[in-house]
Amino acid sequence: MLSGKTVAQHNSRESCWIIVHGKVYDVTEFLDGGSKIILKYAGKDATQEYEPIHPPDAITTNLPPEKHLGPVEPDTVEKVVVEITDEEKARQERVSNRPSLEEILNLHDFENIAKQVLPEKAWAYYSSASDDEMTLRENHAAYHRIWFRPRILRDVTNVDWSTTILGHKSSMPVYISATALGKLGHPDGELNLTRAAAKHNIIQMIPTLASCSFDEILDAAQPGQVQFFQLYVNKDRAITKKLVQHAESRGVKALFITVDAPQLGRREKDMRMKFEAEDPSVVSKSGSEGVDRSQGAARAISGFIDTSLNWNDLHWFKSITKMPLILKGVQCWEDALEAYDFGVAGVVLSNHGGRQLDFARSGIEILVEVVTKLKEKRGLTFPNEKFSLFVDGGVRRATDVLKAIALGATAVGVGRPFLYAFSAYGTEGVEKAFEILHDEFQMNMRLLGARNLKEVVPEMVDVSNLQSHVVVPRDDLYGNNCASVSL
Ligand SMILES: Cc1cc2nc3c(=O)[nH]c(=O)nc-3n(C[C@H](O)[C@H](O)[C@H](O)COP(=O)(O)O)c2cc1C
């Protein structure tokens, strides 16, 4: 067994050992993009920093066995003192004073509470979007430009908003979209989503960059619970192949390949936060890495993504898996048509929650052109069992979902609201979010005069104004009419 004192001597770029969960690892050869943060913990216990960002098995699978140096004598390890600042104390007070779940009335409320109770770093990572965050605003604002044309005098005693997504039953036309780093917001991370999804029969899309390990998330699922997998394609295709085939062998039902992120967008809120949180004393030691210092949580974890990914690779994906393939991040009808011609099972019209190309259009706007053009070019009508159209970004109300359904979507993905729900209230928060959506579906379908989703038709929406892009004032996003912490 190693002593803490021995480990502490390996505290430099030349020899860098760290302790994670009581075990010592030699990471000297792995000091690259994320070096600065690793060097900060050189010779020390890095568990606290490591935990939210990496699944438990990441270090053991990525480091060769000879770099696993064995356990450390616990009593000899110097504690990493985490200073509790006044700000942190105030945050903890806000956590204990947050409103009860009964007081939460809509999905915006979760965002407002999360903003007040999340550690700053987590809020920055979750809420941030690229550049001036114009696409982030537009994602929700676009729904404000679609208005309803409801029908009356239909017997709406019984309304049913359940549906089928890629052949799997779902209690509503909504799935949990993949969002990385769940443990930044809550110690149970993505498991909160898995558990709540099981209770409500909602499909969860598991992210490549989850904080919990893939198998932990699968193990937390109930028998028969449907899960999809979101894939960031690794430059090392052997790793990707292993991941995909493992997912398939564990019963994952569909593979969503993210195609809008050859490089991650500049999420400045996230980057600035990381920069401030960083210990400046280690910056100078990193020599050539001056440019890397303010990259934020997102970039720190994404260096492996393959920038060369292209259409031809789809043949390879088809050869390594039988799971249906869906392209996540399609942004114009031309690419949707190409995807259809390649024989994939569907596309997600998405701009990654505004986190990639700023001024990319909203998914809901793209949906209208995709439906029009695929009808014109290939005679397709939607929803279509052979080629599903999904939309995500800015969905906060059942009315948003119903607009997408009316326009031909099979289902919509929701990202941040569920993250905010579990960050503030754990699994129960996510369940509450589903209950809110169920209530909204019931009321809105009755008021719309639709008894099931088939009756939610294009004639029920007016999209004549959808393409006029109005700039939303900067500070007015999702900010009104929200519950708030009272002290
Ligand atoms: C914090 C966060 C992390 C995300 N991580 C991923 C990811 O790892 N892979 C991916 O394909 N999309 C990722 N997304 C995008 C979501 O899957 C989804 O497209 C987006 O959140 C939808 O917008 P919404 O948050 O407004 O609902 C992330 C989004 C957020 C907010």
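The legends below describe close-up views of a predicted model.

In this predicted model, local features need pLDDT of at least 70 and side-chain atom pairs count only at pLDDT 80 or more, while totals for chains, interfaces and linings use all residues. Residues are numbered from 1 along each chain as its sequence is written, and side-chain values use heavy atoms, with hydrogens and water left out.

**View 1. Confidence along the chain.** The mean pLDDT (the predictor's confidence in each residue, from 0 to 100) is 90 for the protein, and 90% of the residues reach 70 or more. Helices (H or I, at least four residues) and strands (E, at least two) are DSSP runs, numbered from the N terminus. Over residues 275-293, pLDDT stays under 50. The model has 21 contacts (heavy atoms within 4.5 Å) beyond four places in sequence for residues 275-293.

View 2. Helix H11 (residues 237-249) has 13 residues. From first C-alpha to last, H11 reaches 18 Å, close to the 18 Å expected at 1.5 Å a residue; the expected span is 1.5 Å times one less than the number of residues. Arg237, Thr240, Val244 and Ala247 of H11 are buried. They cover an arc of only 90 degrees around the axis, so they lie on the same side of H11; the arc is that of the directions from the helix axis to the C-beta atoms. Ala238, Lys242 and Ser249 are exposed on the other side. Buried means under 20% relative accessible area, exposed over 50%, and partly exposed in between (1.4 Å probe, protein chains only). The buried residues of H11 pack against helix H10 (214-220), strand E9 (227-231), strand E10 (255-258) and helix H14 (313-320).

**View 3. Aromatic rings.** The structure holds 13 aromatic pairs. Rings of Phe, Tyr and Trp (its six-membered ring) pair if their centres lie within 6.5 Å; planes under 30 degrees apart count as stacked, over 60 as edge-to-face and the rest as tilted. The ring centres of Phe418 and Phe434 are 5.0 Å apart and the planes are at 70 degrees, so this pair is edge-to-face. Phe418 is buried, at 0% relative accessible area, and Phe434 is buried, also at 0%. Tyr175, Phe228, Phe256 and Phe390 are linked into a cluster by ring pairs.

**View 4. An exposed loop residue.** Glu102 lies in the loop between helix H5 (86-96) and helix H6 (107-117). Its relative accessibility is 62%, so Glu102 counts as exposed.
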